[in-house]
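Please look through the sequence and the model shown here before reading on.

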Amino acid sequence: MACSTNYLWRGEATWFCCGAAWGPCGSAGGGACGNCRSASNHGAWPNASAACWDITRPDLCGEGGIPRRGCGSVMRVVQECSKAAVCITITDCGPRTKSFCGEASCCNGVCRTNRILDLTPAAYSQIASLSSGKTGVWIYE
């Protein structure tokens, strides 16, 4: 599947660690798909499976209807302000949206709320500074 320009969702993205130690990460597990690596352009989607949905529950923050996209799905992530983009492969379940309801990232007066995507440090650093921790994004597939 190619990295496309068909709109899928928008919200807030953060970063997380998975796989072998790399960059700011120590060693961690391979994620729900078993192949997540911090040094690769990977991501975690809140509706990667029914079990994943039960953990992340973005609907409790008003993000109902997020489509299911499982392991190996490819997405194009575009940062709200800079329009920097990265293509990622879904390799994990997350973020735990329900734990951060209402959290916002703003750019030029436009705010995106609710964590809807976790990116590995390799992917996140292509669209924003790791020190920012979170950023508004548009997601395409």
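The model is predicted.

**The barrel**

Six strands close into a barrel, and their order is β1-β7-β2-β4-β3-β8. The pairing within this barrel is mixed. From one strand to the next, the twist averages 45°.

Some of the pairings can be described one by one. Strand β2 covers residues 42–45, strand β4 covers residues 85–93, and strand β7 covers residues 115–119. Strand β3, made up of residues 74–79, is the antiparallel partner of β4.

| Strand pair | Bridges | Direction |
|---|---|---|
| β3 and β4 | five bridges | antiparallel |
| β2 and β4 | four bridges | parallel |
| β2 and β7 | two bridges | antiparallel |

V78 stands opposite A85 of β4. W45 faces C93, which also belongs to β4. On the β7 side, A44 has D118 as its bridge partner.

**Strand β2 and H42**

Strand β2 is covered on both faces. H42 and A44 lie on one side, G43 and W45 lie on the other, and all of them are buried.

H42 is part of β2. Why does H42 count as buried? Its relative accessibility is 11%, and buried means under 20% relative accessible area, so H42 falls within that class.

The side chain of H42 reaches the backbone nitrogen of R37 at 3.1 Å. R37 is also in the list of residues that H42 contacts once neighbours within four places in sequence are left aside.

**Strand β8 and I139**

I139 is found in strand β8, which covers residues 134–140. Is I139 buried or exposed? I139 is buried, because its relative accessible area is 0%.

Which residues does I139 touch, not counting those up to four places away in sequence? They are N6, Y7, L8, W9, W45, M75, R76, I116 and L117. Among them, I116 is 23 residues apart from I139 along the chain, and the C-alpha atoms of the two are separated by 9.7 Å. W45, another residue touched by I139, is one of the buried residues of β2.

Note on methods
Residues are numbered from 1 along each chain as its sequence is written. This is a predicted model: local features need pLDDT of at least 70, side-chain atom pairs count only at pLDDT 80 or more; totals for chains, interfaces and linings use all residues. Side-chain values use heavy atoms; hydrogens and water are left out. Buried means under 20% relative accessible area, exposed over 50%, partly exposed in between (1.4 Å probe, protein chains only). A polar contact is a pair of N or O atoms within 3.5 Å; within protein, one must be able to donate a hydrogen and the other to accept it, and residues adjacent in sequence count only if both atoms are side-chain atoms. Contact means heavy atoms within 4.5 Å. Two strands pair if DSSP finds at least two bridges between them. Axes are lines fitted to C-alpha atoms, for helices over the stretch in contact, and angles run from 0 to 180 degrees between N-to-C directions.
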